[in-house]
Amino acid sequence: MEMHNNPNAKKNTFRGDEMTLKEPHRNGSTYGAFQSKDPILAVEKGGDLEGGSDEHGISVNHPTSYLETMMHLFKGNVGSGIFALGDAFKHAGLLLAPPLTIFLGVICVHAQHILVNCNEEVTRRVNDPIAASGFAGTVEMCFATGPLALRKYSVFMRKLVNIFLCITQLGFCCVYFVFIATNMQQVLDVYGIKMDVHQHMAVVLIPIMLSTWIRNLKYLVPLSSLANLLVITGYIATMYIMCHDLPPIQERRYIADWHDIPLFFGTVIYSFEGITLVLPLKNEMKKPSNFSKPLGVLNVGMVIVGTMFVAMGFISYLKYGNAVAGSVTLNLESSEVVDGKIIVPHASLPQCIKVAISLSILFSYALQFYVPIAIIWPKIVDQFGPFKWPILAETVFRSAVCFLTFVLAEVIPKLGLFISLVGAVSSTALALIFPPIIEMVVCWQNATLSPVTISKDIVIVLIGFLGFATGTYESLTSIIREFSTKS
């Protein structure tokens, strides 16, 4: 395909095989997606601001090594979702859940490889790394440089990806409200401070909203580092407590009811949803070729993460059975019964774990929140700006969006069901649906779309749509049933 690059062009124009790229947005973004330096990357890698750029001009201090990138990948995948995997295993069974988790993990990692390969191909086509620097930009450029019949959909696909990115990140924020409130409720109950979970959410709203007023990422990076330390410490301590006096495997269900599988699917996909980090992490490596090799960062890192997921889910369900909560931290007790005697081997440890994990999630909220704001706010400025008091206007907007996540969390306070719903609705689209679609588009244009490739991609898309439909239905049905039972 012949390509002409006009640096002075103001918009995309497609005429036959000729394509002109529009100039970057004035705030540094390209194609209305992320900035030239992805906010997700800066969040995970300790980004700082470039001299002379505005509050959204983000840069990275230095190219990362293999191990540094591995740590960033690890931190981006291990969060609140890992503590919900016991609830996921409950909905699949002790025998069925581990292979299903591994199967979904392999599909998710394969989809991430697809995204990397498609990004490399479209970058070669347009000879402009910035144009396809992020998830949304890659999807847009795959369609923009693909078959002529599909090029008109390129901008629409970019907007669609950004919508799902916003839904996913704001969904995480809603889950964070519920996670913090339910854990802190248990902690304070121990000390005689009785409050409803909704009241806890209202109290948590204050520090969370204040944290969203921080518009400069460099002030959030120390909180991110502390949050990562706390969540890893919490994981190790939780596994330590649960591994004491495990019941026999025979006491647990090997295979759960089939109508519960969609809830398992949504929770696992929620936990594995780290695809938005893949391109930024690869692009900032000292040797990007080391990212997607057979023993590269992506494969090795996700094997470690997947092992942690299976271990947490298996031990959580084995330990607590059907009583396992939406976050296994809610099952941790201050005392244990051994041979009919009450002992207190970990008297304060469970409470410390709940406080540590709650703080890590609290510190992570503003970082997750940054991404949708970085996508939506420039659009609002373009449509309704410039504002007389731009900082005040953005602060009001941030507060309104934060309050919206609080309201949604108040409406659906059931943590496990909320996580499954977010995973089924938005994470599935990003992790399983968009990557195989763009691979078919790219291979079609290159005349390399083999029967094997198209069959494999169609199967992944069908799994994604099936999980999306059934997971959303079962999550909403269970939420409605929960409300009906309470009333």
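Alanine 111 is buried, with a relative accessible area of 0% (buried means under 20% relative accessible area, exposed over 50%, and partly exposed in between, with a 1.4 Å probe and protein chains only). The model is predicted: local features need pLDDT of at least 70, side-chain atom pairs count only at pLDDT 80 or more, and totals for chains, interfaces and linings use all residues. Residues are numbered from 1 along each chain as its sequence is written, and side-chain values use heavy atoms, with hydrogens and water left out. The protein chain has 15 helices and 6 strands (DSSP runs numbered from the N terminus, helices being H or I of at least four residues and strands E of at least two). Of its 487 residues, 58% count as buried.

**Confidence**

- The protein chain has an average pLDDT of 80, and 83% of the residues score at least 70 (pLDDT is the predictor's confidence in each residue, from 0 to 100).
- Over residues 1–60 the pLDDT is below 50, and this stretch has 153 contacts in the model beyond near neighbours in sequence (contact means heavy atoms within 4.5 Å).
- Residues 334–346 also have pLDDT under 50, and the model gives them 23 contacts beyond four places in sequence.

- Among contacts in the protein chain with a separation of 6 or more, 77% join residues 24 or more positions apart.
- Alanine 111 belongs to helix α4 (residues 97–126). Not counting residues up to four places away in sequence, alanine 111 touches Ile275, Ala431 and Pro435.
- The C-alpha atoms of alanine 111 and glutamate 439 are separated by 9.4 Å, although the two residues are 328 residues apart along the chain.
- Serine 426, in helix α14, is buried at a relative accessible area of 1%. With neighbours within four places in sequence left aside, serine 426 is in contact with Phe164, Ile167 and Thr168.
- Between serine 426 and valine 161 the C-alpha to C-alpha distance is 9.8 Å, against a sequence separation of 265 residues.
- Threonine 267 is placed in helix α9 (residues 261–272) and counts as buried at 1% relative accessibility. Its contacts, leaving aside neighbours within four places in sequence, are with Ala84, Ala88, Gly416, Ile419 and Ser420.
- In helix α5 (residues 135–144), 10 of the 10 residues are buried, so the helix is largely enclosed by the rest of the structure. Among these buried residues are Phe135, Glu140 and Cys142.

**Salt bridges**

- A search of the whole structure finds 10 salt bridges (a salt bridge is a side-chain nitrogen of Lys or Arg within 4 Å of a carboxyl oxygen of Asp or Glu).
- Glutamate 394 and arginine 215 form a salt bridge through their side chains, at 3.3 Å from N to O. Glutamate 394 lies in helix α13 (residues 390–411) and arginine 215 in the loop between α7 (197–212) and α8 (221–242), so the pair ties together parts that are 179 residues apart in sequence. Both glutamate 394 and arginine 215 are buried.
- Glutamate 394 also forms a salt bridge with arginine 398, the closest N and O atoms being 3.1 Å apart. These two residues both lie in helix α13, 4 residues apart, about one turn of the helix. Arginine 398 is buried, as is glutamate 394.
- Arginine 253 and aspartate 257 are joined by a salt bridge with the closest N and O atoms 2.9 Å apart. Arginine 253 is partly exposed at a relative accessible area of 35%, and aspartate 257 is partly exposed at 35% relative accessibility.
- A network of salt bridges links Glu121, Arg124 and Arg125.

**Largest pocket**

- The largest pocket has a volume of about 580 Å³ (a volume is the space filled by probe spheres set on the grid points, which are joined across faces, edges and corners). On a 1 Å grid over the protein atoms alone, a pocket is an open set of points where a 1.4 Å probe fits, with protein on both sides within 12 Å along at least five of seven lines, and lining residues have an atom within 4 Å of a point.
- The largest pocket is lined by 25 residues, of which Lys414, Leu415, Gly416, Leu417 and Glu482 lie nearest its centre.
- Helices α3 (85–90), α6 (154–190), α7, α14 (415–445) and α15 (451–486) each supply at least two residues of this lining. Helix α15 gives the most, with 5 residues.
- By class, the lining has 8 nonpolar, 9 polar and 8 charged residues (Ala, Val, Leu, Ile, Met, Phe, Trp, Tyr, Cys and Pro count as nonpolar, Asp, Glu, Lys and Arg as charged, and the others, Gly among them, as polar).
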